[in-house]
Amino acid sequence: MVPQGGYMRHTVLGAFASVLLLGTSSAALASAGCSAFNGTFSGGSISGSTSGTGFVAGDTIKLTVTAVGGSDRLGLYDATTHNPLILSFDTVGSQTYVVPEATSDEFIISGTQSNAGSNFSWSCTAGGGGSGGVTDSKKLTSVQSIGSTVVANTSGAAISTSVSTAIDSTLGGGAPGTSTPAAVAMTREEFADYVARKASHGAGPENGGPSAKVYNYFYKEALQLYDLYLAKGQVPVRTADGYKWVAQSSVASRFTAEGRSGVSGTTDEAFSALSYANVNKSLSFATPMAEQNWSAWVDVRGSGFQQSDSDLMKGTQINATAGLTYRLAPTVVVGVFGGYENFNYDFAWLTGNLEGDGATVGTYAGWQITPTLRWKGMVGWTGLSYDASAGLAAGSFDGSRWLLSTGINGTFDVGGYVVEPSADVFALWESQGNYIDTLGGLHDSRDFSTGRVALGGKVTAPHWVEGVMPYLGLYADWRFASDDAVVADVPDTGIGDGWSARVTGGFSMRVLTAGSLSLGGEYGGIGADYSVWTGTARLTVPF
């Protein structure tokens, strides 16, 4: 029906385009249907195409009415199923339709125009409606690249530190030497007596005079030295030419009254005469004990990451590592370990998320080079599963990671405190498989590497509280990375190359007779544009 004094033009036009979907490692290119589906309808004239086929998930079709009059209206329909996708509307404004999944159906524009001043337009944006060429598939690549690098850095630091601590707690500070068939641990008083008699040329408190004063002075100094090394988990054992320090876990700590000798009794009687009878006395000469060559440990670390002063990226991660250490020789230890990690990170600016988990296996070794210097090394392999999303794009992929770590640290007595300087480095290499996201974007396989050099040390106060040893550490970290992924034009996010500072603190205590429990924390990223906090709980039990 044609209204009087006017005209009616009704248009239902269609065209066919072949299906073509191209992808790159970082994004889905425009589908065939989306590329063709752009045009205008104004003043009775059509410009562009009013139909298309070969759309993929995430293609966003937008219909816009900028001027309308009379019975003018505009709509989007699926000509294959005859279903309306955007119902005809006759008001100024825009409506959009997001293609839920890849389809070969033909979509058409249907419109009526009775007013020459009316103006309609339609357009299609590929892969989720990103603007400026940054599609959701491209954003997903950014989530994958930035997020998994943070995961790798956090795990590398957690695992390498856990293993390093296991080596430190088992290796003593003793000089290299030949292991005896059975280790003979010296008691506190026996050690002090031995050192004092050496210093006084064999004299003791029973001799009186200047020699007794020399003996008494060095006796008290030796007691303090014994306490200092005991706080580090080390005890003296007799050797052919004197004594050496070894890990307390490597010898049993059973002493019996029957094991005391006549020499010990003579010493006690002499000290009693000099009013030293109640100075930290314990049973004296130890009997030979079988060595405890094994040590079991478990280390749990919870970490949090946040981009400084913003919510661009933040998340949490848990790393649990456990292992067995074996003393291969007095100054050499080896071990095996396994671990589990779980992570979840959000990207507000990408409307994205990365979560997943992984399992690790590996081995390690340590060598007491000198009484005050140790070397440590480890290697581990991790299998990973990731789930990532950004806007309408989502995908799952697997990865595998190799981790290497090595370092040297020392142990020194400075004014009654235990000072442990260290230089450590870890490096890891990760490979990730290719996958197709939910918008049809093909993401190529990815390889990247990252690591950290840490220079610094910690100080332990062995006499602060009976049975409790607090510590405080400060480190300078240099982080480095290399990645073959090409990410979208995004803000500087994640852990970048460069220097930052890190502080650590906590305490340890003796549990289960010869075991130890440690609780601590650290705060890193100082001076960088991110922050990383970590809480740690650790249990070690020799057997």
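**Stop one: threonine 540**

Select threonine 540: beyond its neighbours within four places in sequence, this residue is in contact (heavy atoms within 4.5 Å) with Ser169, Ser295, Ala296, Trp297, Gly515 and Ser516. The model is predicted, so local features need pLDDT of at least 70 and side-chain atom pairs count only at pLDDT 80 or more, whereas totals for chains, interfaces and linings use all residues. Residues are numbered from 1 along each chain as its sequence is written, and side-chain values use heavy atoms, with hydrogens and water left out.

Threonine 540 belongs to strand E27; strands (E, at least two residues) are DSSP runs numbered from the N terminus. Its relative accessible area of 7% makes threonine 540 buried (under 20%; exposed is over 50% and partly exposed in between, with a 1.4 Å probe and protein chains only).

**Stop two: aromatic rings**

Rings of Phe, Tyr and Trp (its six-membered ring) pair if their centres lie within 6.5 Å; planes under 30 degrees apart are stacked, over 60 edge-to-face and the rest tilted. The count is 20 aromatic pairs. Select tryptophan 294 and phenylalanine 543: their ring centres are 6.4 Å apart and their planes at 10 degrees, so this pair is stacked. Tryptophan 294 is in strand E13 (residues 294-307) and phenylalanine 543 in the segment after strand E27 (530-542), 249 residues apart. Tryptophan 294 is partly exposed at 38% relative accessibility, as is phenylalanine 543 at 46%.

Next, select Phe191, Tyr194, Tyr226, Tyr229, Tyr243 and Trp245, which form one aromatic cluster.

**Stop three: charges over rings**

Lysine 232 lies over the face of tyrosine 229, 3.8 Å from the ring centre (NZ of Lys or CZ of Arg within 6 Å of the centre and within 35 degrees of the ring normal). Finally, select lysine 458, whose charged end sits over the ring of tyrosine 471, 4.8 Å from its centre.

Conventions
Helix = DSSP H or I, 4+ residues; strand = E, 2+ residues; numbered from the N terminus.
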